[in-house]
Amino acid sequence: MLSKRVIACMDVRDGQVVKGVQFQDLRHAGDPAELARRYNVEGIDEVVVLDITATIEGRRTLADTVRAVAGEIFLPLAVGGGIRSESDAATVIDAGADKVSLNTAALRQPDLITTLANRYGSQAVIVAIDAKRHGDRFAAYVRSGQTDAARDAVEWAREAESRGAGEILLTSMDRDGTKSGFDRELTAAVSSAVNIPVIASGGAGGLEHFVDVFTKGRADAALAASIFHFAESSVHELKRHLRAHGIPVRL
Amino acid sequence: MIALVDYKAGNLTSVRKALSALEAAFFTPESASELETVDGVIVPGVGHFSSTANLDASWRGAIESRVRAGVPLLGICVGMQWLFEGSEESPDCPGLGVLPGRCARLLGNPAEGIKVPHVGWNALVPPAGAPSKLLNGIAEGSQVYFTHSYAGPVTNDCVAATTHGTETFSAAVERGRVYGVQFHPEKSSAAGLRILTNFLEVCR
């Protein structure tokens, strides 16, 4: 039986891991390669490096960061943040990424999803969707959550699948950094609408939140950042807890 | 010396990194004639089955000749699917045909949340009475990382099967000195590195 994946995300700025609360108020959490080394032995199933560097100069260090992280792990590695073109994707893939995650660029130029899927295979293309509740529906946002893309998140996920995306990385902007639990309604809505894996993100704060998103939220994978960086919860403890609740995991 | 065959389908960075970490001597041959003196051949692969068409008559001939000479061959992911007679993904593109059977698309079951592609960690279950050099030291139920939509059938060559929903396919095959893995050993943490080490052992 396919295991539910527990994914560690590193938000990286200028080569350093940071983590914000609702996309603001960053605090330092360490060196990417050092964290990666820890994840490799702790039983994390996959690592995501998300570059949140604002400047072009800072972006040039991303390939170095990817190379350093890839050198520490024999796990799938996805990289996102500021990937706008086929050559941006090639740079991080050549540096050791297995998958690229597209967000703003996918909405602005959806052909890029297909171009990359044709070149590297759909398994290498994640479409990241930042979603925010608008009444009883979910709106997709771009530019690090600053701009309403005027698209329904569920409908956009379906289109991304049809254009060649291999996975959806779905972040609840309302829950991001709050540690109040994943948005299981958002996750279930998207997961039921597509036939590709959905990675739930935003809100992980405790063991029960993972149980909830894997069962009621129908997530295929769950991503968290700060609870792993700051060692508030050990990965083994989390996985034992999930297994005890009948959720298949790699232990 | 191991030949890592690059047929321009996706990138080989991860496989190279794993072989380097295991201190294997390997190179990427420029032409098929360079396979004549190697101790082992790895055909990796991510992406579409049709990309194996880049392995033209000269490559096929050189690889078949190595197999006949008893040189170990390892196919990874699409590289394993290529060992079979062909795949539903690209019916006009023949496989190497050193293993009987054809690869077919996984069906999944959307209503039950069984999705295709099959992405993630899943367990290796060896059929009864199937000793394997490739899986030496790998405990039954060990999990490895998959990412694929097509898979090879469970035949007499299967040394580990994996189940997604209700569908069971060959996760690892072994026929003489021909080996194949549907999963990515280079992405499968300690278990994956052990499997690559086992392959390097049979190349000695």
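This is a predicted model: local features need pLDDT of at least 70, side-chain atom pairs count only at pLDDT 80 or more; totals for chains, interfaces and linings use all residues.
**Helix α4 of chain B.** I looked up α4(B) and found that it runs over residues 189-203, 15 residues in total. From first C-alpha to last it reaches 22 Å, close to the 21 Å expected at 1.5 Å a residue. I then checked how covered the helix is: 11 of its 15 residues are buried. Among them are G192(B), L193(B), L196(B), F199(B), L200(B) and C203(B).

**Q182(B).** I located Q182(B) in the loop between β12 (178-181) and α4 of chain B. I list Q182(B) as buried because its relative accessible area is 0%, under the 20% cut-off. Its side chain makes a polar contact with the side chain of Q81(B), at 3.0 Å. Leaving aside neighbours within four places in sequence, I noted that Q182(B) is in contact with residues including C77(B), M80(B), F146(B), H148(B) and F169(B).

**T147(B).** I found T147(B) in strand β8, residues 143-148 of chain B. T147(B) has 12% relative accessibility, so I count this residue as buried. Beyond four places in sequence, T147(B) is in contact with Q123(A) of chain A, and with C77(B), H118(B), V119(B) and H184(B).

**Nonpolar cores.** I looked up the largest nonpolar core, which has 78 residues; M10(A) and I168(A) have the most contacts inside it. A second, separate core has 62 residues and includes F74(A), L55(B), L124(B) and F183(B). Going back to I168(A), I noted that it touches I126(A), V127(A), A157(A), V190(A) and P197(A), among others, not counting residues up to four places away in sequence.

Note on methods: Residues are numbered from 1 along each chain as its sequence is written. Chains are lettered from A and ligands numbered from 1 in the order in which they are written. Side-chain values use heavy atoms; hydrogens and water are left out. Helices (H or I, at least four residues) and strands (E, at least two) are DSSP runs, numbered from the N terminus. The expected span of a helix is 1.5 Å times one less than its number of residues. Buried means under 20% relative accessible area, exposed over 50%, partly exposed in between (1.4 Å probe, protein chains only). Contact means heavy atoms within 4.5 Å. A nonpolar core is a set of buried Ala, Val, Leu, Ile, Met, Phe, Trp, Tyr and Cys residues joined through side-chain atoms within 4.5 Å. A polar contact is a pair of N or O atoms within 3.5 Å; within protein, one must be able to donate a hydrogen and the other to accept it, and residues adjacent in sequence count only if both atoms are side-chain atoms.
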